[in-house]
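Hello,

Here is the structure I promised to pass on. Have a look at it first, and then read on for what I found.

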Amino acid sequence: MSSYKLRIDMIACEGHGICAETFPERISLDDWGYPIIDPKPFDGVRRDHAKRAVEMCPELALRLERVARQR
Ligand code: SF4
């Protein structure tokens, strides 16, 4: 089974905050409304939430990346 991480393009991000509402397990917002992503890998239902956050970002600023599992 794979693990995943979210990457953000901070140049493209406009701080809408939709991602933090869609994937609150890993995304919070700073004082200006820009996302802070928890770097811990995830899988399972969290991957589904992350995928939805990627799809809903109006600026296409989020990317879901597969990462090697740490042993
Ligand atoms: S939804 Fe997209 S544009 Fe909006 S804060 Fe999140 S990453 Fe940035």
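Predicted model: local features only at pLDDT ≥ 70, side-chain atom pairs only at ≥ 80, totals over all residues.

Leu60 counts as exposed, because it has 11 C-beta neighbours inside 10 Å and the cut-off for exposed is 12 or fewer. You will find Leu60 in the loop that links helix H2 (45-56) to strand E4 (62-67). Its backbone also deserves a look: the phi of Leu60 is near 55°, a positive value in a residue other than glycine. Most residues other than glycine have a negative phi.

Now the overall fold. The chain contains two helices and four strands, and along the sequence they follow the pattern β-α-β-β-α-β. The C-alpha trace spans about 35 × 20 × 20 Å along its principal axes. A compact globule of 71 residues would have a radius of gyration near 11 Å, and the chain has 12 Å, so the two agree. Of contacts between residues at least 6 apart in sequence, 63% join residues at least 24 apart.

On the inside, 14% of the 71 residues count as buried. The largest nonpolar core is made of eight residues: Leu6, Cys19, Phe23, Ile27, Ala50, Ala53, Cys57 and Leu62. Leaving aside residues up to four places away in sequence, Phe23 touches His49, Ala50 and Ala53.

Next, the ligand. There are 13 residues around the ligand, and those that come nearest are Cys13, His16, Ile18, Cys19 and Cys57. By class, the shell around the ligand has eight nonpolar, three polar and two charged residues.

One more residue to look at is Glu14, which is in the loop between strand E1 (3-8) and helix H1 (18-22). Glu14 is exposed, because 11 other C-beta atoms lie within 10 Å and exposed means 12 or fewer. Although Glu14 and Gly33 are 19 residues apart along the chain, their C-alpha atoms are separated by 9.0 Å.

That is what I have for now.

Best wishes

Key
Residues numbered from 1 in each chain as written. Near = placed C-beta within 6 Å. Nonpolar A, V, L, I, M, F, W, Y, C, P; charged D, E, K, R; others polar. Buried ≥ 20, exposed ≤ 12 C-beta atoms within 10 Å, placed from the backbone. Rg over C-alpha atoms; globule rule 2.2 N^0.38 Å. Contact = placed C-beta atoms within 7 Å. Core = buried A, V, L, I, M, F, W, Y, C linked by C-beta atoms within 7 Å.
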